[in-house]
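The sequence and the coordinates are shown first.

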Amino acid sequence: MKLFVCVNQVPDTETKVKIGQDGKSIDRSEVNLILNPYDEFAVEAALQLKDKNGAEVTYVSVGGDSVKEVLRKALAMGGDRGIHVKTDNIGDSYAVASMIAFVLKDAGADMILFGKQSIDYDDAAVGTMAAEMLGLPSASVVVKLDVDENARKVTCEREIEGGKETVELTMPCVISAQKGLNEPRYPSLKGIMAAKSKPIQEVAPSAVEPLTEVAEMKKPPAKQAGKILGTDKSAVPELVRLLHEEAKVI
Amino acid sequence: MRILAFAEQRDGKLKKVAFEVAHAAVQLAGQIGAEAVGLVIGNGVEKDASELGGFGIGKVYAAEGERLSLYSTTAYAKVVSDAAESLSADIVLFPASAMGKDLAPRVAGRLKAGLAADCIALKGEGGSIVATRPVYAGKGLIDLKINSPRKVFTLRPNVFSPGGANGTAATVERLNLSLQDSDFLSKVIGVTFTKAGRPDLTEANIIVSGGRGLGGPDNFKMIEDLADVLGAAVGASRAAVDAGWRPHEDQVGQTGKTVSPSLYVAVAISGAIQHLAGMSSSKFIVAINKDKDAPIFQVADYGIVGDAFEVIPELSAQMKKALGKD
């Protein structure tokens, strides 16, 4: 089986957002960059399939030179090689999906895995959009995955409001992973050493223009710290009254 | 110009997000001088589709078929895209629900349309539309413009007002479909609901969340009790989920759900930045925590610096009384 996992580099969850000089993006000067947390579930899913059935696992990342770090991180967890679609102009989800579709269109993928969303722009779009561009079926927000390689059939569960949908797909297909799908492994020391000699191929992006444009980025209106009503249960009647009379939410 | 509002249904009944999207489409249409029309996909949906009329939609197109009773990302995307093309609807609005978030990127890819996802405001000015949407789970907001002729938007649930229904019925017209087996390469074959009786986090009007300060999974019982009194959903902090006390789908925060309920009650949650990102757009926030310096108090409208084990049962009891449920 040929598996591809698309991985992205994002600011970590502890990042305090500071608006950059351009007023359209964040100031990245003091930001710690990590492998997108949802992509770890996609990496782990691919590695479990490799462990079980044998597969070639290739990681794909779009971006500047720093994305090699997340390719190495994924390779340290396992897998075979990386593809770095080198560009300083990432654009938007449409542009990224186009670049990925361009690189993978003749790659002979049996399955392409994504994290369900990147925790920077939160579009939750690239995987499904790339699937459409490649003419492949897809399932997003997947929390359970069963692959029947012989029947070329994938059955998975995806999260919906208050429950789960069971989705059946034919291979090749695109899956985007949600927390709960698995417990991502930590890279072992041996894995980290091995990753250093695994090949990362640099490829040029296809020419594609983003379809959207950020006009302005701002911080959300700051919340004012509210009233402290007390230090024990004697404050409860006042809380109930305020929720009823002032907030009018009950 | 037309705006196509995707009206999500389940089991033939339109969901609340369908009315939110319909109303937003009507308002946007007014701002840019367009006509808002509705689209419903499913099996036996024609009857309820006319309800959209009460929200200002004059005409609803219905894609009917037994094979469409359960969601199929590929088939639904074809139906929506074909409808957008044949109706010359250059703008398509979806809810940012599980279905809408799956469908919109596919439709955008198919129509070569720019996508603005999870919008919390739409404003039509002259010919252009500015969409406001959170990034970094709400730590930032961007104003986004779509430059392609065709545009796809998904609207965050619980944010856009559905307006008030006025009882007018929309005209419903059935669409001619040309679906093949090859359009169903991905299809839902079953649906299971896990939490009967409690609303989903992303749809809930009230959420009661617990954190690490509760000390263990058993103590979530009092969170659930309070939630049930309030008709609320139950959420959890990442710490509580990572400790295995709650299932991952309950997690609120940057690597969990981003929520905007009318009331968010944070119990024994300190308020790590990634948690605040996921819930600080709630309309009212109540925090109950022993630590007076906990960051959660910085975003809370009302706080009690006290022991949750003492305060929460009392709050449940008094709410029961106030709501006439005792």
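Which residue of β13(B) is the bridge partner of A:E168? The partner is B:K187. The model in which this pairing occurs is predicted.

The pairing of A:E168 with B:K187 belongs to a contact in which β9(A) and β13(B) run antiparallel and are joined by 7 bridges. Both strands are part of an open sheet of 10 strands with mixed pairing, ordered β11(A)-β5(A)-β4(A)-β1(A)-β6(A)-β10(A)-β7(A)-β8(A)-β9(A)-β13(B).

Parallel pairing is found between β7(A) and β10 (residues 173-177) of chain A, which are joined by 3 bridges; here A:A139 stands opposite A:I175.

Helix α3 (residues 93-104) of chain A lies across β1, β4, β5 (81-86), β6 and β11 of chain A. Relative to β4(A), α3 of chain A runs at about 140 degrees.

## Backbone features of chain A

Most residues other than glycine have a negative phi, and most peptide bonds are trans. A cis peptide bond, with omega about 0 degrees, joins A:M171 and A:P172; A:P172 is in the loop between β9 and β10 of chain A. A:A124, a residue other than glycine, has a positive phi near 55 degrees and is found in the loop between β6 and α4 of chain A.

The domain assignment divides chain B into domain 1 (2-183) and domain 2 (206-322). Their C-alpha centres lie 33 Å apart, and the contact between them takes 7 residues from domain 1 and 8 residues from domain 2.

Chain B also has an open sheet of 7 strands with parallel pairing, in the order β7-β11-β6-β1-β4-β5-β12. The edge strands β7 (114-119) and β12 (171-174) each pair on one side only, and the twist averages 25 degrees from one strand to the next. At one end of the order, 4 bridges join β7(B) to β11 (residues 151-155) of chain B in parallel; B:L115 has B:V152 as its bridge partner in β11(B).

Helix α3 (residues 73-86) of chain B lies across β1 (2-6), β4 (35-42), β5 (59-64) and β6 (89-95) of chain B, running at about 155 degrees to β4(B). Helix α4(B) packs on the sheet, touching β1, β6, β7 and β11 of chain B, and its direction makes about 160 degrees with that of β6(B).

## Cavities

Rolling a probe the size of a water molecule over the atoms shows where empty space is left. Over the whole structure, the search finds 5 cavities of 30 Å³ or more. The largest holds about 670 Å³ of space and is lined by 47 residues, of which A:K116, B:A96, B:K101, B:T202 and B:K257 lie nearest its centre. By class, this lining has 13 nonpolar, 18 polar and 16 charged residues. At least two residues each come from α4 (126-134), β7 (138-148), β8 (153-160) and β9 (163-170) of chain A and from α4 (98-111) and β9 (128-135) of chain B. Domain 1 and domain 2 of chain B each contribute at least three residues to the lining of the largest cavity.

The second largest cavity holds about 60 Å³ of space. Its lining includes A:Y38, A:K116, A:E159, B:H248, B:E249 and B:K257, and the residues of this lining divide into 1 nonpolar, 5 polar and 5 charged.

Technical notes: Residues numbered from 1 in each chain as written. Chains lettered and ligands numbered in written order. Predicted model: local features only at pLDDT ≥ 70, side-chain atom pairs only at ≥ 80, totals over all residues. Heavy atoms only, no water. 1 Å grid on protein atoms, 1.4 Å probe; cavity = no way out; pocket = protein on both sides within 12 Å on 5 of 7 lines; lining within 4 Å. Points joined across faces, edges and corners; volume = space filled by probe spheres on them. Nonpolar A, V, L, I, M, F, W, Y, C, P; charged D, E, K, R; others polar. Domains from an automatic or database assignment. Pairing = 2+ DSSP bridges. Contact = heavy atoms within 4.5 Å. Axes fitted to C-alpha atoms, helices over the stretch in contact; angles between N-to-C directions.
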